[in-house]
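The following note comments on the model shown below. The points are numbered so that each may be checked against the coordinates.

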Amino acid sequence: MALPKGVAEELRRIVGRESVVDAPNDLRIFERDGSIEGAVPDAVVLASTTKEVSEVIKVAAKHRIPVVPRGAGTGLSGGAVTIRGGIALQVTRMRRILEIDPIAQTALVEPGVVNQELSLVAGQQGLFYAPDPSSQKACTIGGNAAENSGGPHCLYYGVTTNHVLGMEVVLADGSVQWVSGDTPDRVGLDLCGVLVGSEGTLCAITKIKVRLLRVPPSVATLLAAFPSIEAASQAVSAVIAHGIVPAALEMMDKVTVGAVEAHYHAGYPTDAGAVLLVEVDGIAESTRELMAAITDILANNQGYAMREAQTPAERDLLWAGRKGAIGALGRIKPNYYLHDGVVPRSRLPQVLSAVGEIGEHYKLPVANVFHAGDGNLHPNILFDLRDRQVLHQVEGAGEEMLRAVVELGGALSGEHGIGLEKSAFMPWIYSEDDLHAMHRVKDVLDADGILNPGKIFPDPSRKPIQLAGRTGLAVEAKWW
Amino acid sequence: MVVSNRLGKAPTVEKPASAEELARRLHDAASSRLAVVPVGGGRASGMGDVLQRCDVLLHTTRLDRVIEHVASDMVVSVEAGITLEALQGQLAKAGQFLPLDPFNSPGHTIGGLLATGWTGPLRLRYGSPRDFLIGVRVALPDGSLATGGGRVVKNVSGYDMMKLHYGALGSLGVIVAASFKVFPKPLHDVTVSSRGGWADAERALSTPIAPSALELLSDGRVLARYSGSPDAVNRVVKELGWEQAEEGVWVEHAGRSAERWARIAVPKGRLRDAVADLQEWWASPGAGIAHWSIDLDATSVRATRAKVESLGGSLIMLAAPDDFMRETGAWGAPPSTLEIQRRLKNAFDPDHVLNPGRFVV
C-alpha cells in the first residue's frame, strides 16, 4: 500500500521535510514493536508538538488513512504495529518533563518521556512514579498510558490508570481535548479513565498528568528459594492471607533462575524449583517488622536459602536479575515469545502446571517469570527462529496457554494489552453484547475507524480461533 | 427525588429478582419511552438535578447476593443491590474488607455507590472504587447485559468499562453486578484525635507513614487514622502525641449528612481556601474533598460554587429540596468534553429513558 497521492507532501508541510519517513528501507525500522507480528507503515511522521499531532490526524481523517500512535515500540501485543498500513505517528520527540509539582506531588509530561527518566528526575525532590514495567529504561509514559501498563510494584501501588490524573489527547477528528486533571471527583463521565488503556484506538495522547509518590525512606528486599512452583505459590497466598500486601512479590521458575544466575551472578539459588523476590517499603520500623513476619511465613511454607539484601547495591543486583530475566533467557534460545495472562491468584499452581504440559507437548522450553502477587503470569516460550517450522508451534503453544488461563477464570492480558496479538481471543471472555458495548465507545470516538484499526476487537477477516482446552475444565460460562 | 411523573401519576415500582429480569424490565420501559429511575438504598437519591420525568422506579434491592468471594484471591463479586454493610460482614469473616466508608451511611447499596461515586475518609489511603472495581455488569436500555473487566485484580482485556459506568449516575445503564479487589484488614489500626484545626491536619499528613484517613471538621477537630505494621503505627502515633479517639468514631462520622449538602472537590492545596467562608463542613484535606452542610440561600451557594470553580474545582449538590436544587443546579459548569459525553449518552441510551435530566448528560 502507499499513501494517496499528495498526502506525503501534506504531512511534510506540517512537520517539516526531514520528519516524514517514507523511503521503503527506512520504513522497515518501524515494522515491529516487541511482539511477533509486523507490518510496514506507509509513512512515519515524527511529531514534536500537540499541534503537529493534531494536524497530522486531521490529514489522516480527511483521507481516511489509518494512524497508529507510537512511542518507544517496546509494547508486547502489537499495539504499535500498522497492520492496516497508514501512518505511524511517532511521538518520542515529545519528551519534555513540563512540570514537577512537589507540593501537589504531580508531574506533567509529554508522551515520549521515558518511564525511568521521570522517576530519576522526580527523585531529586524525593518523589517517584510508581508503575514500573520491566522495559522502564526504554518505554514511554505515553505508551504506558495507552496500554495501561503494569510492573512488579503494581501489587501494592496499582497500575498506570491508578496514577494518571489527566491527559491532553487528540481525537480522531484532530481536535485537542483535556480529560480530567488534578481535581478529584470531576463533573461528568470519566473519559480519562476510559481512554487510559484504549491502546491508541480512541485517541493519541499528547500530555499526561501523573501522580507522584514520596520515595519510601526504607526498603527491604528478600530472595527466597522453594522446592516447587506450587510451594512458592502457596507461600505467596500465605503472606497475603496474613494481611501483608508487599510492594512487590515476584516469582521465577527453575529455567529462568538458571539463565539469570549464569548472566548476572546475583546469588540466585539454581537448585530451587522456584524463587520468590519480595519487597516491602515504608519506614524502618515497618520494613523490619514486616520482613521478619514474611520470613517466618515463607519458612513455614517450605522457603529456604532466604537472603535479604544488605545494601542498595545488593538490592539492585537482585532486581537486575528479575528485570533482566527475559534478556538472560537468550542463553537458552535466541528468540522468545513472552506471553501475558492473569488468573485468580489461587489458580497459579494449576495454570503453571498446564503451561508446563503445553510446553512439553510442543517440545518447546518455557521459562516463567511473573508477578505472583497479582496472579499475572508471563510464560516465555523459547525458540530459535532459524528453524522455519517453529513459529507455528510457538503460536499454537501460546494460544493453548491462554486458553488454560481463560478456563481457570482468568483474563487475556494483565498488562501487555490485547492489540493485534489477542484480538481474536476476545470472544473467549466477552459475549457479543459485551463487545458491542465496547464498540459503541469506539464508534462514538472514532466513527471512521482511522485510529489504530485492527486492534482489540476481533477482525472478522482473520481466521477464527477454535481450540480444544487442555485443562479439562470448560470455559466458565458464568463470568460472574 | 421526584416520586410522581409529570402527569401527577405515581411511578410504577419494579423490584426484579435477577439481572436478566431487570434487563427485561428496563428494555420494556425503554421500548415504551418510559422514564426509568434506578434505585438502590436510596441514600444518594437527592443527588443530581431534579428529574424531568419518572415513570418507573427500578429497584435493585432484591439483587442482594454475594455471587462469589474467594478469600485467597482477595476478590469478591456481588449483585448490585447488596448493602455495603452486608458485604463488609461477609468479608470480615475472612479478615478482609472493602475500603469504602461513604457518608450518609448505613444503607448504601454497592450499585448505588458505584453509580454515584460517593466515597469517604479511607479514600486517602485506598483511593476510590475507581481504583479497586475490577469488573462490572450493566443492563442497557436495549435489554442487553454487558460485562466489562473480570474477576482478576489486574486486567487490560479491552476497554475499561468500569470507568465508563463508575460515577455516571445510571445515565448509561443500570449496574447489576460488580467485582472488587478487596483488602486484608490491617495488622494494626489506630485512630487519634486533636482539636488543632488545619495546622494539626497538615502535621498528621506529613508523618513518616501517611495516615490511612485524615478528617478535619469545621470546629477544628482532627481525626487521624494510622494502619499497618504495629511498630510503625505506634511510633508515629507516639510522636504525634494526640489522644486516642473514642470507639465508634468512624461509624459516627460516616453517618454525617444534611438535608441540604454539597461536595466540594479541588486540587488538594486549595481546599482551605475553598471552605474558608463556610460554617459547617467536614473535609479530607489529603484528598482535596470537603462536604458542606448548607446553611445559606441558593444565591450564596452559587457564589461559593463560582469561587470553587475558580480554584479549579467543582461543587456538586448531594441533596436539597427541589426548588432549591433548581436554583443552584446540581453540577455547576459543564465539562469541556460535554459534546463527547452527550454522544456517549446517545450511544447507550438513545431515547434518554434513564434518569432523564438528572445527570450532566
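Against which strands of chain B do the buried residues of α1(B) pack? The points below begin with the basis of the model and then take up this question.

1. Basis of the model. This is a predicted model, in which local features need pLDDT of at least 70, side-chain atom pairs count only at pLDDT 80 or more, and totals for chains, interfaces and linings use all residues. Residues are numbered from 1 along each chain as its sequence is written, while chains are lettered from A and ligands numbered from 1 in the order in which they are written. The scores are ipTM 0.96 and pTM 0.96. For chain B the average pLDDT (the predictor's confidence in each residue, from 0 to 100) is 96, and 98% of the residues score at least 70.

2. Helix α1 of chain B. Helices (DSSP runs of H or I, at least four residues) and strands (runs of E, at least two) are numbered from the N terminus. Helix α1(B) comprises the 13 residues 19-31; at 1.5 Å a residue it should span 18 Å, and its end C-alpha atoms are 18 Å apart, which agrees. The expected span is 1.5 Å times one less than the number of residues. After α1(B) comes B:R33, with a positive phi near 55 degrees.

3. The buried side of α1(B). A residue is termed buried if 20 or more other C-beta atoms lie within 10 Å of its own, exposed if 12 or fewer, and partly exposed in between, with C-beta atoms placed from the backbone. By this criterion B:A19, B:L22, B:A23, B:R25, B:L26, B:A29 and B:A30 of α1(B) are buried. They cover an arc of only 160 degrees around the axis, so they lie on the same side of α1(B); the arc is that of the directions from the helix axis to the C-beta atoms. To answer the opening question, the buried residues pack against β1 (12-14), β2 (36-39), β3 (56-59), β7 (133-139), β8 (145-149) and β9 (174-181) of chain B. Contact here requires C-beta atoms, placed from the backbone, within 7 Å.

4. B:A139 as a contact point. B:A139 belongs to strand β7 of chain B. B:A139 is buried because 28 other C-beta atoms lie within 10 Å. Leaving aside residues up to four places away in sequence, B:A139 touches B:A19, B:L22, B:A23, B:L26, B:L145, B:G173, B:V174 and B:V176.

5. Backbone features. The peptide bond from B:S105 to B:P106 is cis, with omega near 0 degrees, and B:P106 sits in the loop between β6 (96-97) and α3 (110-116) of chain B. A:E199, a residue other than glycine, has a positive phi near 60 degrees; A:E199 lies in the loop between α7 and β10 (204-211) of chain A. A:E199 counts as buried because it has 28 C-beta neighbours inside 10 Å. B:H352, also a residue other than glycine, has a positive phi near 50 degrees and is placed in the segment after α13 (338-348) of chain B. With 18 C-beta neighbours inside 10 Å, B:H352 counts as partly exposed.

6. Domains of chain A. Domain bounds come from an automatic or database domain assignment. For chain A, the assignment gives domain 1 (7-90), domain 2 (97-214), domain 3 (218-328) and domain 4 (333-445). Taken over C-alpha atoms, the centres of domain 3 and domain 4 of chain A are separated by 25 Å. Their contact takes 18 residues from domain 3 and 16 residues from domain 4. On the domain 3 side, α8 (229-241), β13 (248-253), α9 (254-264) and α12 (325-328) of chain A give two or more residues, and α8(A) gives the most, with six residues.

7. The interface between the chains. The contact takes 71 residues from chain A and 75 residues from chain B. On the chain A side, α16(A) gives the most, with eight residues. The chain A side divides into 34 nonpolar, 23 polar and 14 charged residues. Ala, Val, Leu, Ile, Met, Phe, Trp, Tyr, Cys and Pro count as nonpolar, Asp, Glu, Lys and Arg as charged, and the others, Gly among them, as polar.

Conventions
Two residues are in contact if their C-beta atoms, placed from the backbone, lie within 7 Å.
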